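Subject: The two-chain model, with notes

Hi there,

Here is the structure I promised to send over. Have a look at it first, and then read on for my notes.

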Amino acid sequence: MGSNVIAQKASEIAKQAQDLSEQANSLMQTETIVTVVESSASQPFFITGLTVFVLACFVGYYVVWKVTPALHSPLMSVTNAISSVVIVGALIAAGPELFGASKVFGYMAIILASVNIFGGFLVTRRMLEMFKKKAK
Amino acid sequence: MDITTSNFLYLLASICFIMALRGLSSPDTARSGLAFGVSGMALAIITTILAPSVMAGSLFGIVICIAIGGGIGYIIAKKIDMRDLPELVAAFHSLVGLAATFIGMAAFYNPEAYNIGIPGEIHMGSLVEMALGVAIGALTFTGSIIAFGKLKGIVSGKPIVFSGQHMLNAAIGLAMFVMIIIFAATESNFAFLMIILLALILGVTMIIPIGGADMPVIVSMLNSYSGWAAAGIGFTLQNNLLIVVGALVGSSGAILSYIMCKAMNRSFISVILGGFGGEQAASSVDNSDKNAKIGSAEDAGFIMKNASSVIIVPGYGMAVAQAQHALKEMVDLLKSEGVSVKYAIHPVAGRMPGHMNVLLAEANVPYDDVLELEEINRDFKQTDVAFVIGANDITNPAAKNDPASPIYGMPILDVENAGTVLFIKRSLGSGYAGIENGLFYADNTMMLLGDAKKMCEGIIKSIEN
């Protein structure tokens with residue numbers, strides 16, 4: 001036991017430190033690769049999104065023309081309720097642990113969208129319950 | 001929950017929303033459609049909450065916010081009088097607009113949460129989408145508030161016009177466009193806030209010149225905007241569910257606006273430019289020397305009791321007087337006397353699409369007695385009595401005969417073809433379009449001047465005796 005052992009331990013630690021730094025290095029590299037992939041993936045999203053958007057417009061067009069004119073009021077209140085699905089965006093903003101402006105906006109948007117979701121669906125139900133067929 | 005699973009669940013939610021709209025093709029399937037809508041929403045919210053980035057934070061705040069908002073929504077929906085429905089719909093649109101604006105702002109101040117870059121270095125495409133999302137959202141917000149005010153009577157229902165109005169709107173629009181370009185290029189905080197501010201102002205200046213009778217178009221246009229705002233946010237967040245829902249709602253509102261415009265024979269542009277119905281329009285027909293036949297409730301009761309068929313034409317006046325219950329009672333009485341009674345609905349009767357159908361449903365009128373313009377218009381010829389309650393412009397034959405009339409070309413209900421026309425109105429004044437109705441002075445017309453509800457009650461009494 002002496003300076004020898006200590007020297008050996010020190011060299012081991014030094015080697016470990018080197019390993020760690022190498023690992024960190026390689027991690028950093030993968031991260032840059034990931035960011036590169038992400039940013040290159042985020043550009044084509046616009047086209048994906050646009051495809052979805054245009055097709056959904058067509059679906060909406062054909063479905064809404066089928067709606068009977070008598071139910072145009074419930075149609076408006078139900079579309080209003082489902083457009084509150086933007087709450088998804090609000091939840092993502094309110095989620096992170098960090099407290100900041102973004103989180104406050106997220107919380108406020110959650111409250112607003114929730115008013116709409118509950119209010120919109122309930123009013124639609126109230127309306128639809130009133131529509132009755134002739135009692136025969 | 002990993003991204004693939006949550007995207008799959010978002011797809012299921014999208015399908016649920018499509019089914020919800022599909023259900024509205026008939027009153028029988030509408031309720032099951034609504035159940036689809038509710039499930040879709042629940043699925044979307046739960047899936048998002050279970051995402052790792054949202055789970056990492058505290059759920060407490062989120063749950064509290066949903067509870068507060070949900071509670072308010074529940075109370076409003078339970079308490080609201082059906083007569084205030086158009087205002088309520090407008091108010092709800094404003095909330096979606098504001099929520100979309102807030103989300104856009106949240107994304108701007110914390111882009112990492114949405115994977116669209118870091119503050120100061122947000123992708124340019126995302127910046128444009130973000131700017132458009134908040135602009136449409138802010139515009140929907142103030143526009144819906146003005147529409148709400150007009151429907152509620154807080155803001156004058158008359159078109160408010162001033163010189164240079166269109167120039168002002170165009171200038172604001174142009175300034176907004178410039179700001180969006182600056183914002184996309186520099187990501188400047190100032191430009192972002194300016195876009196929001198300009199959109200808020202544009203919402204007010206765009207809706208303020210539009211008159212009460214054009215409200216069905218405006219309410220459905222704002223409905224459409226709230227959808228486009230959601231789609232804009234969907235592009236920013238790269239979320240397909242939001243894009244699908246935004247597109248569905250956007251096209252739904254656009255189709256409703258189109259139907260309303262067509263039913264008034266007006267172009268969408270002319271509605272947006274506003275000013276319609278402000279001034280007394282010049283008419284080639286002068287009615288000042290003619291006398292209208294004024295009848296009483298007893299006369300009307302006698303005529304209808306002895307008729308074999310009656311068609312009821314309701315309008316906004318019925319909604320104002322809340323006469324639908326008295327009307328239903330009157331109709332029941334006539335039916336028990338063996339008279340066949342139907343209702344005819346014009347697409348723009350009332351203050352929002354389908355307004356009359358909801359009011360009649362509220363009074364327990366079976367929906368198979370309520371017919372649309374195309375279904376019933378030919379039947380007026382074989383009908384003894386057309387009973388017009390609180391409607392005016394939608395029956396005005398000037399739309400067919402007088403090319404000088406502002407409503408020329410608008411499809412109308414041909415009540416003048418019926419044996420006798422009974423008009424319940426408060427006065428002989430003109431309708432919202434500011435046009436005199438020559439039908440008031442026709443030989444087969446009898447005017448019943450007074451409150452629609454009291455008049456119906458009077459007719460009920462006279463039939464009973």
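First, the ground rules. This is a predicted model, in which local features need pLDDT of at least 70 and side-chain atom pairs count only at pLDDT 80 or more, while totals for chains, interfaces and linings use all residues. Residues are numbered from 1 along each chain as its sequence is written, chains are lettered from A and ligands numbered from 1 in the order in which they are written, and side-chain values use heavy atoms, with hydrogens and water left out.

**Chain A**

Chain A has 4 helices and 0 strands (helices are DSSP runs of H or I with at least four residues, strands are runs of E with at least two, and both are numbered from the N terminus). Read from the N terminus, its elements therefore go α-α-α-α. Of the 136 residues in chain A, 45% are buried; buried means under 20% relative accessible area, exposed means over 50%, and partly exposed is in between, with a 1.4 Å probe and protein chains only. Among the contacts in chain A with a separation of 6 or more, 60% are made by residues 24 or more positions apart, a contact being heavy atoms within 4.5 Å.

How confident is the predictor here? The mean pLDDT of chain A is 81, and 81% of its residues reach 70 or more (pLDDT is the predictor's confidence in each residue, from 0 to 100). One stretch to read with this in mind is residues 34-42 of chain A, where pLDDT stays under 50 and the model has 3 contacts beyond four places in sequence.

**Chain B**

Chain B comes to 18 helices and 8 strands. Its C-alpha trace spans about 75 × 50 × 30 Å along the principal axes. Of its 465 residues, 58% count as buried, and residues 24 or more positions apart account for 76% of the contacts with a separation of 6 or more.

As a landmark, B:T4 sits in helix α1 (residues 3-23) of chain B. B:T4 is exposed, with a relative accessible area of 63%. From B:T4 to B:I146 there are 142 residues in sequence and 42 Å in space, C-alpha to C-alpha.

**Where the chains meet**

The interface brings 79 residues of chain A into contact with 102 residues of chain B. Together the two chains bury about 8300 Å², 78% of it on carbon and sulfur atoms; buried area is the accessible area (1.4 Å probe) that two parts lose on being put together, summed over both.

On the side of chain A that touches chain B, the elements giving two or more residues are α1 (3-65), α2 (72-83), α3 (87-94) and α4 (101-130) of chain A. The most comes from α4(A), with 27 residues. By type, the residues of this side divide into 50 nonpolar, 21 polar and 8 charged. Here Ala, Val, Leu, Ile, Met, Phe, Trp, Tyr, Cys and Pro count as nonpolar, Asp, Glu, Lys and Arg as charged, and the others, Gly among them, as polar.

Which polar links cross the interface of chain A and chain B? The rule finds 12 residue pairs in polar contact, both at pLDDT 80 or more, and 0 salt bridges. A polar contact is a pair of N or O atoms within 3.5 Å; within protein, one must be able to donate a hydrogen and the other to accept it, and residues adjacent in sequence count only if both atoms are side-chain atoms. A salt bridge is a side-chain nitrogen of Lys or Arg within 4 Å of a carboxyl oxygen of Asp or Glu.

**Salt bridges**

Over all chains, the structure holds 7 salt bridges. One of them joins the side chains of B:R83 and B:D81 (3.9 Å, N to O). Both partners are partly exposed, B:R83 at 41% relative accessible area and B:D81 at 31%.

B:D369 is worth a look too: B:K335, B:K342 and B:D369 are linked in a network of salt bridges. The side chains of B:D369 and B:K335 meet at 2.5 Å, N to O. Because B:D369 lies in the loop between α15 (355-362) and β5 (370-372) of chain B and B:K335 in helix α14 (residues 324-336) of chain B, this pair ties together parts that are 34 residues apart in sequence. B:D369 is buried, with a relative accessible area of 1%, whereas B:K335 is partly exposed at 33%.

The closest N and O atoms of B:D369 and B:K342 are 3.7 Å apart. B:K342 lies in strand β4 (residues 340-345) of chain B, so its pairing with B:D369 ties together parts that are 27 residues apart in sequence. B:K342 is partly exposed, with a relative accessible area of 30%.

Best wishes
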